[in-house]
Amino acid sequence: MYNKQQDIGKKYVGVGVDNFRDLGGIELTCGRTIRSDMIFRSGELWNLSAENKEALDKLKIDFIFDLRSPDEVEYKPDYVPSGTEYRNVPAVRTRKKMAVKPDSVVKMIPVWLPSSVSRGAFRAKFKNLYRKFPFKNSAYAQIFKAMDDGKKILFHCTAGKDRTGVASMLILMALGADMDTVKQDYMLSNLYRVESGARFLEQFKGYKHYGKYGKILPMTNNVEMCYFNASYNKIIRKYGTVKNFLLKQYGIDEARISKWLQEYTE
């Protein structure tokens, strides 16, 4: 199993984007390895310094797939390098505003959890959301289509951990990473987001309802294996195997996977 933790703080440190990483270097069960500088995942590309923009420009990314809602995009628009095609493809459809603003997040919690603000209730709601992510997700389908053409891609949401985490999960499973590796990639968001997570919580401490909802807010910062399992177990319950799921949900057959292996691995 490839130990991605060894790259923390060493690779793409100049990009300066929260939770930014390259799937390159991950070893697959077929004996091949994902090529570097081809598949990137990250948090939002907002408020970058000139140095960060220059570092991102140098990666020569073909497509940026922004998995955030239109509200999130309007609140914190991406920086898009020249020559890169940007696509806002929301991974979650919602009628409610989703922009993560300090004056709105805490107000959203009692609406989302009208009967309880317990950790268990929050976790149950979040697991239910994860059970929906993998299925008939047009955002993920567009990422897969770009992979058919061997494009250099970056996909991201706000924190690069949930919507992005499931996208990475599906890509790694399709390419043939072992399950321990797929899980490790998912859980690394907790290590890559320690500083940004602390900043996120700090902005709420002066809010009048922080004492009431403070026990829930830290949970929004991290990923948990129970969320990953909610997605994965739903896939297996419904389709029996990952292979069958990929074929039935996204038309990803052996021919497409073979092409991806040629383009993205060595």
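In which loop is Lys136 found? In this predicted model, Lys136 lies in the loop that runs between helix H4 (119-132) and H5, and its backbone adopts a positive phi of about 50 degrees although the residue is not a glycine. Most residues other than glycine have a negative phi. With a relative accessibility of 73%, Lys136 counts as exposed. A second residue with a positive phi that is not a glycine is Asp37, for which the angle is near 65 degrees. Asp37 is placed in the loop between strand E1 (21-22) and strand E2 (39-42), where the residue is partly exposed, its relative accessible area being 31%.

The overall organisation of the chain can be set out briefly. The secondary structure of the protein chain comprises 13 helices and five strands, and of its 266 residues 52% count as buried. Among the contacts between residues at least 6 apart in sequence, 73% join residues that are at least 24 apart.

Helix H1 (residues 50-57) has Asn52, Ala55 and Leu56 as its buried residues. Viewed down the axis of H1, these buried residues fall within an arc of 100 degrees, so they line one face of the helix. An α-helix has 3.6 residues a turn, so residues three or four places apart point the same way. The buried residues of H1 pack against strand E5 (153-156), whereas Ala50 and Glu51, on the other side of H1, are exposed.

Helix H5 (residues 138-148) and helix H6 (residues 163-175) have axes that come within 11 Å and cross at roughly 45 degrees. At that angle, H5 is oblique to H6, and the crossing of the two helices is right-handed. From H5, the residues Tyr140, Ile143, Phe144 and Met147 take part in the contact, and they meet Arg163, Val166, Ala167, Leu170 and Ile171 of H6. Classified by residue type, the contact of H5 with H6 has eight nonpolar residues, no polar residues and one charged residue.

Helix H6 also packs with helix H7 (residues 179-187), and the axes of H6 and H7 come within 9 Å while crossing at roughly 160 degrees. This angle makes H6 roughly antiparallel to H7, since angles over 145 degrees count as roughly antiparallel. The crossing of H6 with H7 is right-handed. The contact involves Gly165, Ser168, Met169, Leu172 and Met173 of H6, together with Met179, Val182, Asp185 and Tyr186 of H7. By class, the residues of the contact of H6 with H7 divide into six nonpolar, two polar and one charged.

Leu175, a further residue of helix H6, is buried, with a relative accessible area of 3%. When its neighbours within four places in sequence are left aside, Leu175 is in contact with Leu28, Ile34, Ile39, Trp260 and Leu261. The C-alpha atoms of Leu175 and Cys30 are separated by 9.0 Å, although the two residues are 145 residues apart along the chain.

Definitions and conventions:
Residues are numbered from 1 along each chain as its sequence is written. This is a predicted model: local features need pLDDT of at least 70, side-chain atom pairs count only at pLDDT 80 or more; totals for chains, interfaces and linings use all residues. Side-chain values use heavy atoms; hydrogens and water are left out. Buried means under 20% relative accessible area, exposed over 50%, partly exposed in between (1.4 Å probe, protein chains only). Helices (H or I, at least four residues) and strands (E, at least two) are DSSP runs, numbered from the N terminus. The arc is that of the directions from the helix axis to the C-beta atoms. Contact means heavy atoms within 4.5 Å. Axes are lines fitted to C-alpha atoms, for helices over the stretch in contact, and angles run from 0 to 180 degrees between N-to-C directions. Angles under 35 degrees count as roughly parallel, over 145 as roughly antiparallel, 65 to 115 as roughly perpendicular and the rest as oblique. A crossing is left-handed if the near helix is turned anticlockwise from the far one by less than a right angle, and right-handed if clockwise. Ala, Val, Leu, Ile, Met, Phe, Trp, Tyr, Cys and Pro count as nonpolar, Asp, Glu, Lys and Arg as charged, and the others, Gly among them, as polar.
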